[in-house]
Amino acid sequence: MRGVMEKCTYCVQRIEQAKIARKAQAGPSGDIEVPDGVIKTACQQVCPAEAITFGNIKDPQSAVSRQKALDRTYTVLEFLAVKPRTTYLARVRNPNPALPGGDQPTALSREYLEKNPPLREGHAQPAPTGKGGH
Ligand code: SF4
């Protein structure tokens with residue numbers, strides 16, 4: 001249908017299919033848990049760089065939980081405490097100034113510094129504005 005945008009469901013049909021298969025194996029009693037790595041989203045499956053990890057964030061040993069625990073992890077709109085389920089890993093850079101162009105700021109770092117100028121001593125950064133409260 002034209003004009004309709006849908007959010008990613010992490011391929012809910014694949015998730016349900018894996019749950020049903022697991023339930024069929026386990027029988028009618030008890031909770032079931034789909035082992036880590038059994039469910040792959042379509043985007044994850046076709047990404048040659050393996051840039052997407054999907055799994056059970058309640059399992060601390062799952063691949064996605066281990067990646068979420070890295071200090072490179074970030075989310076968007078974190079200051080709103082919306083707790084999005086998708087997290088990202090910050091890019092890894094080689095800051096060696098001996099590399100060609102290593103002493104030059106990148107377009108990305110220039111843009112970041114324009115939007116977030118370094119704080120001068122005695123000048124507090126304004127608090128984020130937003131609606132809501134306690
Ligand atoms: S993982 Fe990819 S294919 Fe699956 S619902 Fe999300 S955007 Fe669609």
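How many helices and strands does the protein have?

1. Overall architecture. The protein has 4 helices and 2 strands, where helices (H or I, at least four residues) and strands (E, at least two) are DSSP runs numbered from the N terminus. Along the sequence, these elements follow the pattern α-α-α-β-β-α.

2. Basis of the note. The model is predicted: local features need pLDDT of at least 70, side-chain atom pairs count only at pLDDT 80 or more, and totals for chains, interfaces and linings use all residues. Residues are numbered from 1 along each chain as its sequence is written, and side-chain values use heavy atoms, with hydrogens and water left out.

3. Burial and surface. Of the 134 residues of the protein, 10% count as buried; buried means under 20% relative accessible area, exposed over 50%, and partly exposed in between (1.4 Å probe, protein chains only). The protein exposes about 12,100 Å², of which carbon and sulfur atoms supply 56%. Accessible areas come from the Shrake-Rupley method with a 1.4 Å probe, and for residues only the protein chains shown count as cover.

4. Contacts across the sequence. Among contacts in the protein with a separation of 6 or more, 22% join residues 24 or more positions apart. Contact here means heavy atoms within 4.5 Å.

5. Nonpolar core. The largest nonpolar core has 6 residues in all: Tyr10, Ile15, Ala18, Val34, Ile39 and Phe54. Such a core is a set of buried Ala, Val, Leu, Ile, Met, Phe, Trp, Tyr and Cys residues joined through side-chain atoms within 4.5 Å. Not counting residues up to four places away in sequence, Ile15 touches Thr9, Tyr10, Ile39 and Phe54.

6. Tyr10. This residue is found in the segment before helix 1 and is buried, with a relative accessible area of 17%. Although Tyr10 is not a glycine, its phi is positive, at about 55 degrees.

7. Thr41. The loop between helix 1 (12–26) and helix 2 (42–46) holds Thr41, which counts as buried at 5% relative accessibility. Its side chain reaches the backbone nitrogen of Gln44 at 3.1 Å. Leaving aside residues up to four places away in sequence, Thr41 touches Tyr10, Cys11, Arg14, Ile52 and Phe54.

8. Lys83. In Lys83, a residue other than glycine, phi is near 50 degrees. Lys83 lies in the loop between strand 1 and strand 2 and is exposed, with a relative accessible area of 74%.

9. Nonpolar surface patch. Tyr74, Val76, Leu77, Phe79, Leu80, Val82 and Tyr88 make a nonpolar surface patch of about 670 Å². Patches are made of residues with over 30% relative accessible area and no salt bridge, with like charges joined within 9 Å and nonpolar side chains (Val, Leu, Ile, Met, Phe, Trp, Tyr) within 5 Å. Leu77 is in the loop between strand 1 (73–74) and strand 2 (88–89) and is partly exposed, with a relative accessible area of 47%.

10. Salt bridges. The whole structure contains 2 salt bridges, each defined as a side-chain nitrogen of Lys or Arg within 4 Å of a carboxyl oxygen of Asp or Glu. One joins Lys19 and Glu16 (3.6 Å, N to O); both lie in helix 1, 3 residues apart, about one turn of the helix. Another joins Lys115 and Glu111 (3.0 Å, N to O). Lys115 and Glu111 are separated by about one helical turn because they are 4 residues apart in helix 4 (residues 107–115). Lys115 counts as exposed at 59% relative accessibility, whereas Glu111 is partly exposed at 38%.

Key:
Polar contact = N/O pair within 3.5 Å; in protein donor to acceptor, adjacent residues only side chain to side chain.
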